Amino acid sequence: MKLHEYQAKQVFADAGVPTPDSKLASDVDGVVTAAEEIGYPVAVKAQVQVGGRGKAGGIKLVDDADEAREAAESILGMDLKGYHVDRVLVEEAVDFTNELYVGITMDRGEGKPVAMVSTKGGVNIEEVAEEDPDAIAREHIDPAFGMHPYQARKAVYDAGVDQSIARDVSSVLTTLYQLWDDKDGADAEINPLMVTSDNEVIAADAVMNIDEDALFRQPELAEMEEEAAGGGDELEQKADEYGFDYVRLDGNVGIIGNGAGLVMTTLDLVDHYGGEPANFLDVGGGAKAARIANALDMVFSDDNVDSVVFNIFGGITRGDEVARGINEALEQFDEIPKPVVVRLAGTNWEEGMEILNEDLVTVEQTLEDAVQRAVEYAGEVNDQ
Ligand code: GDP
Ligand code: MN
């Protein structure tokens with residue numbers, strides 16, 4: 001199991017490894033807010049579990065809000081070596097003079113863990129290993145005794161790390177081994193470990209792979225895996241809890257419907273009227289008030305959503321019940337977070353329309369009108 005960079009960094013930071021100040025973001029505004037809080041310049045980094053993100057356009061250094069916005073727009077939603085990017089790490093940029101490599105992995109040949117240090121960090125270490133194997137210093141460790149301090153110092157010395165930072169690099173290497181051991185690591189790696197002009201070292205990237213078979217005794221890490229799974233999307237996890245069929249999309253018109261066919265139709269219509277769907281959300285049959293409230297909670301907590309359209313066809317789900325659910329859910333807000341448009345059809349739809357509180361929602365008679373209205377609302381938000 002592979003941790004995301006932001007997760008591995010958290011684990012490393014908790015153990016005392018210096019890491020840059022950073023924040024996770026999943027939308028453009030979130031990136032800008034995070035960048036302002038951290039202070040420019042920042043690096044915007046795609047959170048996908050694959051190396052070489054920099055070269056593939058998944059990492060951008062930015063100096064101001066405009067650049068941050070531009071970087072967020074290009075990285076969020078991009079396809080990076082087959083991975084969909086839905087989150088970025090916004091991180092204090094490090095002004096570095098050198099990039100080192102430090103890592104711990106299992107040397108299968110020797111049947112022992114090996115600590116590695118190189119001054120050729122920053123680039124793909126496998127390439128370094130192939131082209132210039134001597135550029136990587138190696139020290140095998142006896143797991144029964146752990147890494148002796150002199151072993152860390154020796155690896156650092158053999159690698160040719162500058163004296164002025166040797167002690168700090170040794171300390172990072174020792175901590176990394178400790179973590180590898182404590183957390184049932186398969187690999188633990190910092191590439192690059194950046195050296196700043198004031199001779200400080202800081203982990204600019206972090207890799208931590210955990211032995212799957214040991215996850216049962218690493219509950220904290222298992223939780224991280226759950227977070228990383230499901231596309232790493234909080235909303236998709238929430239949908240699982242609520243028992244909804246939900247898919248997050250890239251647009252800003254939130255869609256709630258009952259029945260997959262009906263939701264698909266709504267999606268197509270949003271597209272037809274020039275809008276972009278933010279999600280697929282099927283609340284299923286028998287949608288009681290509580291389910292409706294949960295569905296609204298889902299779309300409202302998606303920062304990308306600017307308007308919401310309900311398309312409910314009453315069958316088992318009665319229109320009046322849905323209407324009550326929508327009212328109840330919306331009455332809880334002092335201010336409705338995003339405009340909601342409702343179209344009801346089928347069983348008890350007329351009753352439902354009357355029950356709906358038009359101070360809280362816009363009611364439309366036809367699906368076409370409802371969708372058009374929601375697309376308009378979303379457009380107005382964007383024009384502001
Ligand atoms: P990877 O390519 O997926 O391994 O991503 P890394 O996090 O290792 O970043 C790749 C490269 O981007 C680094 O070696 C740096 O050259 C550059 N980079 C990343 N973060 C920073 C930063 O904070 N400041 C500067 N100047 N460069 C950075
Ligand atoms: Mn890296």
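Mentor: Welcome! A helix here is a DSSP run of H or I with at least four residues, and a strand is a run of E with at least two, both numbered from the N terminus. By that count, the protein chain has 13 helices and 18 strands. This is a predicted model, in which local features need pLDDT of at least 70 and side-chain atom pairs count only at pLDDT 80 or more, while totals for chains, interfaces and linings use all residues. Residues are numbered from 1 along each chain as its sequence is written, chains are lettered from A and ligands numbered from 1 in the order in which they are written, and side-chain values use heavy atoms, with hydrogens and water left out.

Trainee: Let me start with one residue. Why is T196 called buried?

Mentor: Buried means under 20% relative accessible area, exposed means over 50%, and partly exposed lies in between (1.4 Å probe, protein chains only). T196 has a relative accessible area of 13%, so T196 is buried. You will find T196 in strand β10, which covers residues 185-196.

Trainee: What does T196 touch?

Mentor: Contact means heavy atoms within 4.5 Å. Leaving out residues up to four places away in sequence, T196 touches V94, D95, F96, T97 and I202.

Trainee: And what makes H272 exposed?

Mentor: H272 has 59% relative accessibility, so it counts as exposed. H272 sits in helix α9, residues 260-272.

Trainee: Which class does E328 fall into, and why?

Mentor: E328 has a relative accessible area of 45%, and therefore it is partly exposed. E328 belongs to helix α11, residues 319-331. The C-alpha atoms of E328 and G39, 289 residues apart along the chain, are separated by 42 Å.

Trainee: How do you know that helix α1 is mostly covered?

Mentor: Of the 10 residues in α1 (residues 5-14), 7 are buried. They are E5, Y6, Q7, A8, K9, V11 and F12. Just after α1, G16 takes a positive phi of about 100°.

Trainee: What share of the protein chain is buried?

Mentor: Buried residues make up 49% of its 384 residues. Among contacts with a separation of 6 or more, 68% join residues 24 or more positions apart.

Trainee: Now the ligand. What surrounds ligand 1?

Mentor: A residue is near a molecule if one of its heavy atoms lies within 4 Å of it. Ligand 1 is surrounded by 19 residues, and the closest are K45, R53, V94, E99 and N191. Strands β3 (59-62), β7 (96-107) and β10 each supply at least two residues of this shell. The largest share, 3 residues, comes from β10.

Trainee: What makes a pair such as K45 and ligand 1 a polar contact?

Mentor: A polar contact is a pair of N or O atoms within 3.5 Å; within protein, one must be able to donate a hydrogen and the other to accept it, and residues adjacent in sequence count only if both atoms are side-chain atoms. A polar side-chain atom of K45 lies 2.7 Å from an oxygen atom of ligand 1, so the pair falls within that limit. A backbone N or O atom of G52 lies 3.3 Å from an oxygen atom of ligand 1. For N191, a polar backbone atom is 3.1 Å from a ligand 1 oxygen atom.

Trainee: How much of ligand 1 does the protein cover?

Mentor: Accessible areas come from the Shrake-Rupley method with a 1.4 Å probe; for residues, only the protein chains shown count as cover. Ligand 1 has 570 Å² of accessible area on its own, and the protein covers 83% of that.
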